[in-house]
Each structure stands twice: as structure tokens, then as C-alpha cells.
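Please keep the sequence and the coordinates at hand while reading.

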Amino acid sequence: MTTTDWDAAADTFDEEPDHGLLDPVVRSAWAHRMETWLPTARSAVLDLGCGTGSLSLLVAGQGHRVTAVDRSPRMAERARAKLAGTGSEVLVGDAARPPVGKQRFDVILARHVVWLLPDPAAVLRHWFSLLRPGGRLLLIEGVWNGVGIPADRLAAMLAEHTERVHHEPLSGDVRLWGKEVDDERYALVARAEPPLRHAEVVDVHLILRKGPEVLLARRSGTGYADGLLHAPSGHVEDGEDVRAAVIREAAEEIGVRLEPDELRVALVMQHRGPAGRPRTGWFFEADHDPARPPYNAEPDKCSELGWFPLDALPDDMVAYCRAGLDGYRAEQRFLIHWHQDTDAIAYAPREPRRAVALPVAAGPTGRLHHVELRVPDLAEAEREWGWLLGLLGHVPYQRWSEGCSWRRGDTCVVAEHDPTVREGKAPGAGPLAFHVRDRAELEAVAAVAPGHGWRPLVPPGDAGHAGEGGPLVVRLANRTGHEVELIAP
């Protein structure tokens, strides 16, 4: 608990860049964050421990109705001056028990307040009681010189009252603070949705394919993972099966009305967000129909739709959705994706992967386990095979001093250095054969293969057919002499 005399501090409080927001760069950075954390619709916002009202002024400027509370009469006086003419109300009172009577709010905002409370758990319980159903509790906190409250501790307190918590690290954004900081600073956004006992939410996700591309939507105004890309998705409603749910969500979110026979189960994944409760997600695959182009049917929840290559997905995605699509691409059917409480919701390429593939019960007899390639130059093999196998849905699996491997489902391709194999000499193995989704994709692969070290063994237009109307086959070879067949139905 601080012993600061806040009345005495009021006159100089705004001199700190993140207090007064006098620098246009700092003010703009906070305004952008508030837009992502607050609802897009006009809402009733309670700003607790408002200080001189700088954040309240930003919130009011974005069209929200603000009630601001501070226990310091001098701070409240300065806040009233800032907020004059905005229709906001400024009250003097304790943030722990704000003097708002029976009013209920859509958002409660508290910046650098919780760490000052003698009993934060009790106060959080009271604040949730002041929120309307579905309302948001926005807490901006940190740890400064060893004093404050860590994100994992505060998220654990919130878990009693809500199903999941959005954690957003803030330390790395210099614009928010007007300087470099090396301590822990963060925001937590919690929804007033009490967790259900002995129940698990089931969600559905649509992998809409346009050849090698998938459709992703950028979340906006939802209060969870806003600004990040995600597949069209939603919750299963009471009395609804998962297939009916994904059909409904596709119609509601992207305006595409799918028939049941257009859907194929791609993946089932149990996942848990940071400081959240477990969910089970069903991922369905469907093909894009040019006659039914998708469009943004929920602009209040989505800022854009876009097609992205499945083998080069963007990094600014929700982490568990990215894990699901990576697993789908590798033909994994069952995954667990379990966040640690301090993990970011966004996909972080350099952070530990949380996805665990579960083996299926069917026996492996008769299926290809692995293929071992003996190569004279491991670096070259990794470039050539890494490109081709990545294009065909394999993912890097293991690496050691003399070799590496790629995996798709329960099948591996291994490349291992062998100095006795000379360039241009056939390695003594027959061609490997891989499925390709369709003829258009096969032709696209064959067209770019020479630029990646693979030459066609059959002239363009003379690819072999297994009988009239049979599959199309393209054979390629690399400089070492390894051959592959790509086969499309």
C-alpha cells in the first residue's frame, strides 16, 4: 500500500508521459489500445482511480459515457476540468467501493490501482458485481522495481469470476510510456461471464480452402484477441450439433451458406487460453465456391477477411488457431494445445510450441513409417527437400549433426549425410510418391519446381496418365538423383 499524498501530487502528476498523455505520440498509442480493448458500440465506462482524467478523456472522445472516480479531491478537480463538456461525471470516492449506487457498467477500467489495494481479491469480486452481463473489466498493471502485482497472480484472481482472460504485454511498446522500460507492464481484459462448473465450451472452426490458401478473419471489437487473425469460428449453442454450428457460423460471419455434405472433419483440438478454462474445438474443411464468395458479414466483430497460403501463414494469429492449422496441414487429427497462464494469446514464433499431437488408435501396419534419404550435402538436401515437403504439408520434426527429418501424421522423411553418395549418381532408391490435392495445384508446383532444384523428367504436357481419366502424374528429380512422383486425381 503506497503512502503517497495524491492531493499533493496532483499538480505535477501529468508531467509523466503516460499520466498526462501530453505527447501526441503517447496519446495516440493509448488511444489505439483503448479502441482495441473497449467495445465498438457506445458503452458506459467506469474509470476507477482516474487520477487527472487523461484516460477518461480518451475514452469519452471515442464516444463512451464515462463515470470517473478518484479518492483525491484535487485529482478529481483536475479531471473535471479536463472532461468539461464531454458529458462525463467525476466523483470523489474510494476505487475499492466506488460511490455509484445501483448503477451497472459495460466496462470498468482501472490503471495502476489493483496493486495498491489491501485486499484485491475482495475488490475484484465487488467490481464484477458492478458489471452488466458480458461486461469487461480492463486492468492495466505491472511490477515496478519489485513493487506491484505480476500478471500471472492477477490472472489467477480473475479466473474465479470469468471463463478466460486476455493478457496483453505492454512493456515493449515504447510509445505508451514515452521511454524504454525494462519492467513488467501489461493489460488484462476479463469478461463478466462466470465459469461453468463441470462443463466445457465446444467451439467450431471453418478451414475454407481456395487451392493452397485458407480464409482468415481479423478480430475487432470483441474484447478478446482483437487485431489478430483467426479462422471463421464460434461456439456450439444449446441443442446444436457441431456440424450445424459451423454451418450457422459460416453464414453469420462470412455470408457463406454451406450444405452438410460440403464439410469434412479436419481436426479436433482441446485447448486452453492463458488463465482460461479448457475448450474443445472442432475444425471443419470446406472448399471455396466462386459462386458464393465470402464477405465480412459481421463488421462489428471483424475488420477484414483475407486469403493466406497455408504453407506460409502470417504470425499475427491467435496461437491456438495457428496450431490447429499447422496440425491440419501436417495431417494430425487430434491435438492438445495448453497455454501457460503467462503465455500471450498471439502466436509467438520464438516461444515454446504448446501443441501436442495425439496418436490415433488404428494400427500402423501397412502404412509408410519413414523413408531415409542418403545425401552427399545435408544443407542442400535440407533446402531442396524442405521446400518440397513443406509445400506438400510436412513440417520439420527432428534435427541432429548428420541429418534432419520432416513429419506428416505418423510418417517421416529422413535426410542423412552419406559421403559415399556422389552428386549425379542415382541413390539406389525408387521415386517417392506423394498425393497432391488437385490438378491445378499439381501444375502450379511443377511450374515453380525448377527454381528450387527440381527438374521435370517428363516434358510439360506429356505427364503420364494411368489410363483414360486416371490420375495425373508428374515426375521430378533433384541434382543428387532422387526422384519423386506427384499424383493428382
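The sections below begin with the basis of the model and then treat each topic.

## Basis

This is a predicted model, in which local features need pLDDT of at least 70 and side-chain atom pairs count only at pLDDT 80 or more, while totals for chains, interfaces and linings use all residues. Residues are numbered from 1 along each chain as its sequence is written, and side-chain values use heavy atoms, with hydrogens and water left out.

## Aromatic pairs and charges over rings

Rings of Phe, Tyr and Trp (for Trp, the six-membered ring) pair if their centres lie within 6.5 Å, with planes under 30 degrees apart counted as stacked, over 60 as edge-to-face and the rest as tilted. The count by this rule is five aromatic pairs. One of them joins Trp30 and Trp177 edge-to-face, at 5.5 Å centre to centre and with 85 degrees between the planes. Because Trp30 belongs to helix H3 (residues 24-37) and Trp177 to helix H8 (residues 174-177), the pair ties together parts that are 147 residues apart in sequence; helices here are DSSP runs of H or I, at least four residues long, numbered from the N terminus.

Trp30 is buried, at a relative accessible area of 0%, and Trp177 is buried, also at 0% (buried means under 20% relative accessible area, exposed over 50% and partly exposed in between, with a 1.4 Å probe and protein chains only). A charge sits over a ring if NZ of Lys or CZ of Arg is within 6 Å of the ring centre and within 35 degrees of the ring normal. The charged end of Arg111 sits over the ring of Trp30, 4.8 Å from its centre, and that of Arg185 sits over the ring of Trp177, 4.5 Å from its centre.

## A stacked pair

Trp282 and Phe284 form a stacked pair, 6.2 Å centre to centre with 20 degrees between the planes. Trp282 is partly exposed, with a relative accessible area of 28%, whereas Phe284 is buried, with 4%.

## Helix H9

Helix H9 covers residues 242-254, and its end C-alpha atoms are 18 Å apart, which agrees with the 18 Å that its 13 residues should span at 1.5 Å a residue (the expected span being 1.5 Å times one less than the number of residues). H9 is mostly covered, as ten of its 13 residues are buried; among them are Val242, Arg248, Glu249, Glu253 and Ile254.

Methods:
Helix = DSSP H or I, 4+ residues; strand = E, 2+ residues; numbered from the N terminus.
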